[in-house]
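Please read the following report alongside the sequence and the 3D view.

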Amino acid sequence: MKRTLTFGALTAIIIGVLVAYQVSFKDHDDTADIEAAHKLNCEEVVQEFLDDETAATAKYVDQILEINGPILAIERTDQQITSMKISMDELYVVNATLQNPFEGELEENSEIVVKGVCSGFLGDAESMLPGGVVELKRGSIIK
Amino acid sequence: MKLLLVSALILCSSVVSAQGKYFTRDGHVKFFSATSVEDIEARNHKLTCVLDAASGQFEFAALMKSFEFKKPLMEEHFNENFVESNKYPKGTFKGSVQGLDGIDMANIPSGTNVVAAGKLEIHGVVKELELAATIESRDGGYAIHSTFKIVPEDYNIEIPNTVRDNIAKVVDVTVEAQLKAFNR
């Protein structure tokens, strides 16, 4: 009986340590493998935040969004694409950083579909600029 | 005469363009916490930053949830326990760049030192701060770089005892932004 209890306690400790290790050192989930909660055009999502930031925040923040629209600007690090702005207007944009740098070629003004975790909206209340940005992190290019 | 007129127009346009607003939506902000237990770094490549070249008014803002950490658990602790991103989603600095008097704004040499004095708001706490920075003219706009330190405790950011040794008491912050002309 004592041996069974000791064995059980040891097993529980080992499982606990393994779970804690797994949780502590786990990598981010791959956004590409997760179904988007909402699929929208870049203008639609920016407009929703401009119309009612509180409601749009509750609806979209921490959710995976799939956004389509024209590429306004591309940012490269070490010649790989690491983030992009999606919009036709530089003041009203969706700004997405990619989970993994993209090695292929993309052209500004071409249409793109990107999936990413919505981290919120930065609007004109915070700055001297009109407009606003919906921000996506850990993005993945769909097409 | 024609040449003189063209030269005058070019001069005027450069003066006018150096007087307006300059901005970016994708500035970089990084913070780094170093302890004997571990180093923690987070990056946000979506800093909004605006400079009014005429008045020196200067602002930047970042979403807390746009900081990306290597490990999801770190990101979760940062957002939920430390900065409470749902309650205080943004960090902002509003102030003015001092030391621009006498500087030719159309042609600021590399490594020009300035001070941005203003209010930094994090976690709902506002602190007066003077940020040492460098500014230079680049690609028709301005490149700005600043490194400064913040003390999480000053912003009522409570670090639980369980991870107290993992988080530095003073955190290094780096801000980099390439501002371009705002033409509207």
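A:Asp62 is partly exposed, with 14 other C-beta atoms within 10 Å; a residue is called buried if 20 or more other C-beta atoms lie within 10 Å of its own, exposed if 12 or fewer, and partly exposed in between, with C-beta atoms placed from the backbone. A:Asp62 sits in the loop between helix H3 (53–60) and strand S2 (64–77) of chain A, where helices (H or I, at least four residues) and strands (E, at least two) are DSSP runs numbered from the N terminus. The phi of A:Asp62 is near 75°, a positive value in a residue other than glycine. Most residues other than glycine have a negative phi.

In chain B, B:Asp139 belongs to the loop between strand S7 (125–138) and strand S8 (141–150), and its phi, near 50°, is likewise positive. B:Asp139 counts as exposed, because it has 10 C-beta neighbours inside 10 Å.

## How the model is described

This is a predicted model, in which local features need pLDDT of at least 70 and side-chain atom pairs count only at pLDDT 80 or more, while totals for chains, interfaces and linings use all residues. Residues are numbered from 1 along each chain as its sequence is written, and chains are lettered from A and ligands numbered from 1 in the order in which they are written.

## Strand S5 of chain A and its partners

S5(A) is mostly covered, since 10 of its 13 residues are buried. It is joined to S2(A) by seven bridges, the two strands running antiparallel, and strands are said to pair if DSSP finds at least two bridges between them. Within this pairing, A:Glu66 stands opposite A:Lys115 of S5(A).

Eight bridges also join S5(A) to S6(A), again in an antiparallel arrangement, and there A:Gly123 has A:Gly132 in S6(A) as its bridge partner.

## A buried residue in chain B

B:Leu131 lies in strand S7 of chain B and counts as buried, because it has 21 C-beta neighbours inside 10 Å. Leaving aside neighbours within four places in sequence, B:Leu131 is in contact with B:Val115, B:Ala116, B:Ser146 and B:Phe148, contact meaning that the C-beta atoms of two residues, placed from the backbone, lie within 7 Å.

## Where the chains meet

The contact takes 22 residues from chain A and 22 residues from chain B. On the side of chain A that touches chain B, the elements that each supply at least two residues include helix H1 (2–25) and strand S5 (111–123).
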